[in-house]
Amino acid sequence: MYPAAFDYRAPTTLEEALALLAQHGESAKVMAGGQSLIPLLKLRFSRPELVVDIGRIAGLDSIKRDDGHVVIGALARHADIERSKELAASAPLLPEAAHWIADPLVRNRGTLVGSVCHADPAGDWGSVVLAMKADVVARSGSGQRVIHAADFLKGPFETALKPDEVVTEVRIPVGKGRGGGAYLKLERKVGDFATAAVAVHLHLQGDRIEIAGIGLTAVGPKNIQAVEAERFLHGKQATDEVFAEAGRLAAAAAEPNDDIRGSAAYKKDVVRVFVQRGLKTAVQRAKEAGA
Amino acid sequence: MKVTMKVNGTERGGDVEPRVLLVDFLRSNLRLTGTHIGCDTSSCGACTVLIDGEPVKSCTQLAVQADGRSLTTVEGLATAAGLSPVQTGFHQEHGLQCGFCTPGMMLVGTALLEHNLDPSDEEIRWAISGNICRCTGYMNIVKAIKHAATLREQSEVVQREKAGAASGGE
């Protein structure tokens, strides 16, 4: 399969990339690792006049700590996240989720930021950034915007990003002390999209849940934040009954379709069970982190 | 667009449209047909090449993205001295049946052994999880890569002994 013809530029500075986007607007498409965009080009679902490859811009590939956050640069690949010692210590949910994405070869090229910008409702990172209440940082020629992940992900393959903007990084608050998370994914085989998947992240205050985040993968028109379940968990004791009720509330928030991977009812039940299990694991990990 | 890249140690170049996929550039322009096109949808791994030592699916890379990089294809595994340890492993442990997935399997095996001298079965399975063998000969593929690790270790011991003997003799 061949993509339709396009012009290609590979700027070496962010300023150059932003100038190209300011000039070409909607007719240009930004590419990082290309693991989502190239398949779209080959299927001709996407036919940009210009591809702006940001892969040669220095300094965008970092993973670092900054003021209570971990900051994932636009060119940090899934494989970098999977292997990061920094993240294994400060935000282990990220390497755990990275391990579930596509396969090792795709993870050598694809990026977290590219995946979030692609906004595939079956994308794994969308749920993780929702559960961890991350911020997306977008730059354009006229300045910088910080957008909450929940506001950034708008619909299937649709984000709040403007045509002249590039996402330079995602900022994920890690807080202090007793935090924990889990990513649970059901897939038919390595590399397939999820039948359903769940990201949970929480902080404990004593034996009570202080903040909880729950993101759902592949069970709706976008990654879904299970808001009702999150509210219910706030201030609750971490008990099996509480986890079970949160699972029921999260399943109610899911809007899956019947397809070759399973019926809607089945996927909702996977969400219920995974949220329940994920919360139990996350609490256990939070206690270990604080010990 | 003009592109140049080091392929199996040799500087190679070409003039390509931006939309040309890396796998097509290797096969059609450079006539390196050991890199196979299987699914053409980034699922099967038959098109695996190493870019700067890392396995990548060349059906989901543009040739222009590889400009200035260093590539290894299956044609680059053997040396004048003979087959590489991974190739020997596939030969001795019957790691192939129809052979279609073999270039990709050998390249992911080669990349794994660069970082991990003594991989467990689990680690080998992880490394080949993005590559599909339609003959389902996975057991022997895992054995072949495991055997290659042993061969590599042995050849390094031999080299160390030779180096030791040489320096001891001076």
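**Reading a predicted model: loops, core and domains**

Mentor: Welcome! In this predicted model, let's begin with A:A119, found in the loop of chain A between α7 (112–118) and α8 (124–131).

Trainee: Happy to. What is the phi of A:A119?

Mentor: A:A119 has a positive phi of about 55°, although it is not a glycine.

Trainee: And is A:A119 buried or exposed?

Mentor: Count the neighbours: 20 or more other C-beta atoms within 10 Å make a residue buried, and 12 or fewer make it exposed. A:A119 has 22 other C-beta atoms within 10 Å, so it is buried. Now try A:D67, in the loop between β4 (63–66) and β5 (69–73) of chain A. A:D67 is not a glycine either, and its positive phi is about 50°.

Trainee: Is A:D67 buried or exposed?

Mentor: A:D67 is exposed, because its count is 7 other C-beta atoms within 10 Å.

Trainee: How should I read a nonpolar core?

Mentor: In soluble globular proteins, nonpolar side chains tend to be buried together. Here the largest nonpolar core has 141 residues, and A:A250 and A:V271 touch the most other members. Helix α12 (residues 264–290) of chain A gives the most to this core, with 8 residues.

Trainee: Which residues does A:A250 touch?

Mentor: Leaving out residues up to four places away in sequence, its contacts include A:I214, A:L216, A:V271 and A:V275.

Trainee: Which domains does the assignment give chain A?

Mentor: Domain 1 (7–56), domain 2 (63–173) and domain 3 (179–286). Between domains 1 and 2 of chain A, the contact takes 16 residues from domain 1 and 19 residues from domain 2. On the domain 1 side, helix α1 (residues 14–24) of chain A gives the most, with 6 residues.

Definitions and conventions:
Residues numbered from 1 in each chain as written. Chains lettered and ligands numbered in written order. Predicted model: local features only at pLDDT ≥ 70, side-chain atom pairs only at ≥ 80, totals over all residues. Core = buried A, V, L, I, M, F, W, Y, C linked by C-beta atoms within 7 Å. Helix = DSSP H or I, 4+ residues; strand = E, 2+ residues; numbered from the N terminus. Contact = placed C-beta atoms within 7 Å. Domains from an automatic or database assignment.
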